[in-house]
Amino acid sequence: MIIVGEKINTSRKSIEEAVTKRDAAFITRVAQDQAEAGAHYIDVNAGTFLDQEADCLCWLVETVQNEVDLPLCLDSPNPKALSQAIKRHKGEPMINSISLEEDRFQSLLPVITSQPCHVVALCMAQTSMPTTVEERVQVGSELIKKLTDEGIPLEKIYVDPLVQPVAVDTRMGIATLGAINKIMNDFPGVNTICGLSNISFGLPERRLINRNFLALCMSYGLSAAILDPTDKQLMATLLAVEMLLGRDEYCENFIDAYQNGRLI
Amino acid sequence: MSDFKALTESVIKGDIKTALAETQSALDAGSNARDILDNGLIAAMDEVSERFTKGLIFVPQMLRSAKTMQQCMKLLEPLFQEGDVTSKGKVLIGTVKGDLHDIGKNLVSMMMEGAGFTITDLGVDVPPEKFVQKAQEVEPDIVAMSALLSTTMPAMPQTIEALQKAGIRDKVKVMIGGAPVTEKYAQEIEADSYASDAGSAVSKAKKLLGVS
């Protein structure tokens with residue numbers, strides 16, 4: 001399971017303040033905490049800075065990578081911000097995200113083909129958000145085809161089937177799960193990735209919902225997730241599920257986490 | 001004023017069957033449709049909206065109440081007489097250009113409708129020209145815009161500018177909302193109001209128009 005740590009996002013107040021003040025120590029600590037908790041990528045998102053997004057994103061890339069030896073997930077739909085940030089990034093970043101919306105696809109294509117990177121492909125079409133499994137799979141398949149045609153290897157594509165709130169439509173959980181399953185079966189080698197928290201919008205006890213949804217997504221084949229790795233209950237769920245799905249030989253990681261007091 | 005307590009309670013609960021039966025029995029007892037709407041259905045939705053804003057109820061419960069009200073309206077609509085329903089105000093709503101997210105916008109529409117506003121919903125990915133064109137056509141009291149992406153937020157000031165150029169900025173109040181949108185942003189772009197959720201959108205809209 002590939003874990004993308006989601007905490008460095010300027011829509012969170014403490015992060016926005018730290019970026020405004022260019023508080024490198026604060027940002028570094030949030031990155032280090034996530035790295036120690038098991039993140040494979042550190043997400044950086046400066047979307048709330050609008051005109052200054054590019055500058056802020058570049059600063060985040062340099063600040064985090066100065067101290068933490070991990071690749072980053074550059075989280076923006078803005079080609080200008082991404083093209084500047086990708087140049088400052090050491091190693092292969094993950095770009096989050098491209099979609100099938102024509103303008104977004106065309107403007108991001110030069111960025112993601114400019115150097116080796118991993119790409120999140122969001123199942124969003126030109127005119128509407130997909131609601132059913134079929135719509136998600138159709139958009140996802142088309143994205144995979146277009147990206148592989150551009151020379152991006154299947155293993156570096158992370159299809160995001162789009163998670164929508166069950167509070168609004170109780171079929172939304174199943175729609176995401178079905179899409180994960182079908183995409184993983186139809187394109188062996190490709191990755192699927194989700195942000196979990198949308199699922200619980202409009203409901204109480206969101207963390208409980210999120211971690212159970214993570215378990216379900218994993219059982220349907222999800223191979224990567226954008227989440228808060230410092231959430232101990234969530235990570236404990238992840239470790240238990242990995243083991244139950246036969247992905248933890250000799251149950252080593254689970255037992256190791258227990259012996260290090262990480263299962264609470 | 002008649003007592004519509006049972007009707008109000010069934011709408012708050014989202015119990016469609018009971019609400020329909022209560023609406024029918026109120027009609028049978030001689031209540032007029034307008035009275036049932038104002039003091040039964042809208043009163044219930046005001047309560048729903050308030051409870052939601054306070055975090056006492058959640059999105060599915062709010063949706064269920066709105067759906068219940070819509071069903072009851074089907075019984076009342078044929079009975080309204082000319083000039084009978086005085087709307088709280090006309091609201092033109094849409095998700096701005098380049099943005100396909102409609103969940104928040106739909107919740108706001110539904111709650112405003114429940115509160116007695118007349119809604120014209122332009123859907124998603126609505127360019128400034130379309131807001132202007134429709135505003136000229138329906139002459140709304142409020143133009144409400146939603147954006148869920150920081151990249152599409154600039155379409156909000158663009159739409160306000162388009163309203164200005166068309167000479168109708170003064171005739172409407174502009175309300176904005178959506179996950180990345182803030183009170184501060186509303187002030188920056190000189191929108192008239194910002195609402196953080198569907199419940200507060202109703203109270204902010206009422207405040208803007210000075211209605212209760």
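This is a predicted model: local features need pLDDT of at least 70, side-chain atom pairs count only at pLDDT 80 or more; totals for chains, interfaces and linings use all residues.
Figure 1. Domain 1 spans residues 5–79 of chain B, and domain 2 spans residues 90–209. Each domain of chain B contributes to the contact, with 10 residues from domain 1 and 10 residues from domain 2.

**Figure 2. The side of domain 1 of chain B that touches domain 2 of chain B.** Helices α3 (33–53) and α4 (59–76) of chain B each supply at least two residues of this side. The most is given by α3(B), with seven residues. By class, this side of domain 1 of chain B comprises six nonpolar, two polar and two charged residues.

**Figure 3. Helix α1 of chain A and its buried face.** In α1(A), which covers residues 13–20, the buried residues are A:Ile15, A:Ala18 and A:Val19. Viewed down the axis of α1(A), these buried residues fall within an arc of 95° and therefore line one face of the helix. An α-helix has 3.6 residues a turn, so residues three or four places apart point the same way. The other side of α1(A) carries the exposed residues A:Lys13, A:Glu17 and A:Thr20.

**Figure 4. Surroundings of helix α1 of chain A.** The buried residues of α1(A) pack against β1 (2–9), α2 (24–36) and α3 (53–67) of chain A. After α1(A) comes A:Arg22, which has a positive phi, near 50°.

**Figure 5. The contact between chain A and chain B.** Here 15 residues of chain A are in contact with 11 residues of chain B. The chain A side that touches chain B consists of nine nonpolar and six polar residues, with no charged residues.

Notes
Residues are numbered from 1 along each chain as its sequence is written. Chains are lettered from A and ligands numbered from 1 in the order in which they are written. A residue is buried if 20 or more other C-beta atoms lie within 10 Å of its own, exposed if 12 or fewer, and partly exposed in between; C-beta atoms are placed from the backbone. Helices (H or I, at least four residues) and strands (E, at least two) are DSSP runs, numbered from the N terminus. The arc is that of the directions from the helix axis to the C-beta atoms. Two residues are in contact if their C-beta atoms, placed from the backbone, lie within 7 Å. Ala, Val, Leu, Ile, Met, Phe, Trp, Tyr, Cys and Pro count as nonpolar, Asp, Glu, Lys and Arg as charged, and the others, Gly among them, as polar. Domain bounds come from an automatic or database domain assignment.
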